[in-house]
Amino acid sequence: MEKVIKINGSNLTIEDVIAVARYNIKVELDENQKKEVLLCREFVENAIKNGQAIYGINTGFGKFSDVAISDEELDLLQKNLIYSDACGVGEPFETEVVRAMMLLRANAIAKGFSGVLVETIECLINMLNKGVHPIVRSKGSVGSSGDLCPLAHMVLPMIGEGEAEYKGQVMSGKDAMEKAGVQTVKLKAKEGLALINGTQAMMGNAVLAVYDTEKLLKQADVIGALTVEALQGIIDAYDERVHKIRPHKGQLDSAENMRAILAGSKLVTKQGEKRMQDGYSLRCIPQVHGASRLAFDYVKSVIETEINSVTDNPLIFRGENGACISGGNFHGQPVAIAMDTLGILVSEIANISERRIERLVNPSLSNLPAFLVKNGGINDGFMIPQYVAAALVSENKVLAHPASVDSIPTSANQEDHVSMGTIGARKARQILDHAQHVISIELLTASQAVDFGDPDKLGKGTKIAYKKLREKVDFMENDVIFYPDMDKAFDLVKSEEMLKAVENEIGELK
């Protein structure tokens, strides 16, 4: 039976979002939740009939919140909102980001506090299931009041406007909906605002970044361990006793991973056997990787909470003391700070990896041939891949400047503090991409270094990582065109193929 993700606004997980965004798993609206959505919509309709003034329903938006809108113009107000806010610039978001946005927005408004019609939620779900992907320009959101601009681009095809990709072709939103057999919607009072006043553009990026970072942290331990062996590193630094007396969870987990990955290694050395100490980029792997892990735990908890949060405005509360309350849940600050933190923690994983690459290629820091090539001079060996890693970590240092510390007032100072969370989330994904490239260069470099010794002496986990690379990339006797081999190593990291193989052998890493 084909897997289906059922959404109700409360139970969506990071893994669910990845399944839909990246692997096109089908989505359904939980039947039990439809009643909540209908009752919330009924509350909105009654409030309008009673002449109650409600922000964004029968008033203008932002600085125009004091402007009353006539009953005859309520639906036009919602359409005009989408038209006016769809003014993004820049390259479109990748399809997986757009799919994540669509799922997350459907899930949020399905919770039953947004006042939309069931048909509107089902329109988004049908688009996901039939592969209609709005073209969403990536730049233009300040991250509060919600991701107005990118979400408006997401909504355009729902109303037969804008552009969308369908079966690999970009076409008008109207044509894409017709070809896919998805019924467009006519937005009713409150619906336009409910669809765009939320954090789902930053969150589409954030969920993908969190998922991939969790895999990166494990792979950094695996590849770091391979470098330790290539340099005959001192295993005593990962002794459990050392880490128990500074018991940060991230440090403990990373040290435990190192011991598991290196189990059975005949390449590591003991303290005093060849030298008393290793450089920090080897000796302090648990401390540095562990600090990033600690920060990551905070980031992940924020994103898990936000996935099932209601982030539009106003919010509809039914019951005896029912009310439409204009609050600030659309403000992206929690996600903004989390994404800036993610960028920093991932930058540090890349930084220490690049320093390990340097130790591998620099003969003054190892007993290995200069730049890991037999005939140096006529061959440059691994000289230039280290340059590439250095360039990427340097660029990360620029990108890691936090977006959330900046704010520019909008809407004539009605919206006088904004989060810049979508900028932070986009930057975090760029930093992550760079880090994946850096550790894949370390994988290539460490494997080359190991071949100057005896790969059969590798530890239980590192032997698997080494073999996975050697299935795709040969030992480099003489200079080759390097980038295809770098791409193959990157694909091993990006696809998690290497990590899965290692975990199949030694068990799941922390």
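**Buried helices, core and loops**

Author: The buried residues of helix H17 are Gly 461, Thr 462, Ile 464, Ala 465, Tyr 466, Lys 468, Leu 469 and Arg 470. Buried means under 20% relative accessible area, exposed over 50%, and partly exposed in between (1.4 Å probe, protein chains only). Helices (H or I, at least four residues) and strands (E, at least two) are DSSP runs, numbered from the N terminus. The model is predicted, so local features need pLDDT of at least 70 and side-chain atom pairs count only at pLDDT 80 or more, while totals for chains, interfaces and linings use all residues. Residues are numbered from 1 along each chain as its sequence is written, and side-chain values use heavy atoms, with hydrogens and water left out.

Reader: How many of the 11 residues of H17 are buried, and what covers them?

Author: Eight of the 11 are buried, so H17 is largely enclosed by the rest of the structure. The cover includes H9, helix H11 (249-262), H16, H18 and H19. Contact here means heavy atoms within 4.5 Å.

Reader: Which residues of H19 are buried?

Author: In helix H19 (residues 497-506), they are Met 498, Leu 499, Ala 501, Val 502 and Glu 503. Their cover includes H9, helix H16 (421-450), helix H17 (460-470) and helix H18 (483-494). Just after H19, Gly 507 takes a positive phi of about 95°.

Reader: How should I read a nonpolar core, and which residues have the most contacts inside the largest one?

Author: In soluble globular proteins, nonpolar side chains tend to be buried together. A nonpolar core is a set of buried Ala, Val, Leu, Ile, Met, Phe, Trp, Tyr and Cys residues joined through side-chain atoms within 4.5 Å. The largest one here has 150 residues, and Ile 303 and Met 339 have the most contacts inside it. Helix H9 (residues 200-230) supplies the largest share of this core, 18 residues. Both domain 1 (4-197) and domain 2 (206-310 + 332-506) give residues to this core, so it lies between them. Leaving aside residues up to four places away in sequence, Met 339 touches Ala 206, Val 210, Val 299, Ile 303, Gly 424, Ala 425 and Ala 428.

Reader: How far apart do the C-alpha centres of domain 1 and domain 2 lie?

Author: Domain bounds come from an automatic or database domain assignment. The C-alpha centres of the two domains lie 38 Å apart. In the contact, 30 residues of domain 1 meet 26 residues of domain 2.

Reader: How is a pair of packed helices described, and at what angle do H2 and H5 cross?

Author: Two packed helices are described by the angle between their axes and the distance between the axes. Axes are lines fitted to C-alpha atoms, for helices over the stretch in contact, and angles run from 0 to 180 degrees between N-to-C directions. The axes of helix H2 (residues 31-49) and helix H5 (residues 118-130) come within 9 Å and cross at roughly 130°. H2 and H5 are therefore oblique to each other; angles under 35 degrees count as roughly parallel, over 145 as roughly antiparallel, 65 to 115 as roughly perpendicular and the rest as oblique. Lys 34, Val 37 and Leu 38 of H2 make the contact with Val 118, Ile 121 and Glu 122 of H5. These residues divide into four nonpolar, no polar and two charged. In this division Ala, Val, Leu, Ile, Met, Phe, Trp, Tyr, Cys and Pro count as nonpolar, Asp, Glu, Lys and Arg as charged, and the others, Gly among them, as polar.

Reader: Is Gln 448 buried or exposed?

Author: Gln 448, in helix H16, counts as buried at 1% relative accessibility. Beyond four places in sequence, Gln 448 touches Leu 372, Phe 382, Arg 470, Phe 475 and Met 476. Gln 448 and Met 476 are 28 residues apart in sequence, and their C-alpha atoms are 7.2 Å apart in space.

Reader: Where does Pro 314 lie?

Author: Pro 314 is in the loop between helix H13 (285-307) and strand E8 (315-317), and is buried with a relative accessible area of 1%. A cis peptide bond joins Asn 313 and Pro 314, with omega about -5°. The C-alpha atoms of Pro 314 and Cys 324, 10 residues apart along the chain, are separated by 6.0 Å.
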